[in-house]
Amino acid sequence: MKQTEKRFPEGFLWGGATAANQLEGGFGEGNKGLNIADVLPGGKERLQVLKQPGFNWEIDKEKYHYPNHLGIDFYHRYKEDIALFAEMGFKAYRMSIAWSRIFPNGDELEPNEEGLAFYDRVFDELAKYDIEPVVTLSHYEMPLNLVKNYGGWRNRNVVTFFERYVEAVFNRYKDKVKYWLTFNEINSGLMMPVMGLGFAIQKEEDRYQPTFQAFHHQFVASALAVKAAHRIIPGSQVGCMLIYAPVYAYDSNPENVMYAHEEGRFFNNFCGDVQIRGKYPAFVNRYFKEHHIEIEMEDGDLELIKEGTVDFISLSYYMSRTERKEKTAEEVRQGNMVGGVKNPFLKASDWGWEIDPIGLRITLNELYDRYEVPLFIVENGLGAYDKIEEDGSIHDDYRIEYLREHIKAVGEAIEDGVEVMGYTSWGCIDLVSASTGEMSKRYGFIYVDLDDEGNGTLERKRKKSFYWYKNVITTNGEVL
Ligand code: BGP
């Protein structure tokens, strides 16, 4: 145990985070419709689909039945899982509602009662233990019908469908959920539109007009959601959700410094500027002009975006990015999800994600300096292979080390004066990885007995990190 002097505020929301499509399973149960995650392949093929043009949404469903369809079977085991979260002392649980459970095809007029009833049961279970739900409305789970027959977020009608969906869940859960998040990692659509924007790039030009048209529709939808939440649930708070990776210049060459600055500002601030400041920033207007992008807007869109700004920022933080303008293939850090060149000062995870706790302190300061609204870290963690010892124990000291250093960095940022609402570590229970579609990239404090081929008992086991995190929460971050 290591001591830290940093003090986290009273009521700090410690907890864990998951997403429906990565843990629920319950495929087709309760009238759930198909969504994006249900048809993505697993393994190496998934990253190709996400990053390279050409995906057509037609895949061999039998072949990919596992693991998307089974998740970790939270749909049937949520009581047991929530009891384990409670045992760790969670104050908050960040989860998502699968849109396709509520509106199976996305375009129905009335919500699906069985889907609504499922989340009632989950929220009631959380309430038993005083765990505050923090609910993402859309976490890479758009109903597949909206993707295939409407073209995803490029289509303006989707805004209306989304509004119908969020009003249905706000009305239903108004006494149960106070904290809401609109679109998970909204800016990830700049890298991988498949999951977030619901369409696959077919040709290079799609990265311009169609991509930003889709973003515009999400911004309008987000503003409508904020306004609806405030109207339907007095006292509710709605956050945007950004994937944030500070961008460092590789060296002091001003060309590289400028390049890193521009890349960072675009990736990290484009969506935040619209959702928090309520307007398109000047640098984006220049980009639109240079790339001949003309967003189609309806009258009143810009006013709406201004009126519907979010109450707080939630973010995921896993890694930083280091950039130089000209880079050779050898310099590129293979696997670093947000790109860039290899940073000689940083180690990387087994998947090549660069580990940089100081980057989290930089992130929190950058965001707070720019927007001056409360921040909520709703994802952070280490994906790693875990080994079960003969006696059944799992000594995940590497995970503890990663989390300790990152939580310390949060403490430093709080000392810097940054307002931080909470910290929910990603994948508090092992679940299906978003980028590989497999189980073996594990983040949890709780091990789930399931392998990449779908074999296993689904039994849950407490890892060493489970006891460590419990103590972190008990001492409100004083003992790390
Ligand atoms: C974020 C996503 C999550 C989650 C996490 C870890 O980008 O919001 O859904 O999966 O990354 O990623 P992975 O599962 O690919 O390791």
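1. Let's start with a pairing: I377 stands opposite Y423 in β10. Strands here are DSSP runs of E, at least two residues, and helices are runs of H or I, at least four residues, numbered from the N terminus. Before going on, keep in mind that this is a predicted model, where local features need pLDDT of at least 70, side-chain atom pairs count only at pLDDT 80 or more, and totals for chains, interfaces and linings use all residues. Residues are numbered from 1 along each chain as its sequence is written.

2. Which strands does β10 pair with? Three bridges link it in parallel to β9 (residues 375-379), and five bridges link it, also in parallel, to β1 (residues 13-17). Two strands pair if DSSP finds at least two bridges between them.

3. Is β10 (residues 420-426) mostly buried or exposed? Six of its seven residues are buried, so the rest of the structure largely encloses it. Buried means 20 or more other C-beta atoms within 10 Å of the residue's own, with C-beta atoms placed from the backbone.

4. Now the inside: the largest nonpolar core holds 143 residues, and V135 is one of those with the most contacts in it. Such a core is a set of buried Ala, Val, Leu, Ile, Met, Phe, Trp, Tyr and Cys residues joined through C-beta atoms within 7 Å. Helix α9 (residues 209-232) gives the most to this core, 12 residues.

Key. A residue is buried if 20 or more other C-beta atoms lie within 10 Å of its own, exposed if 12 or fewer, and partly exposed in between; C-beta atoms are placed from the backbone.
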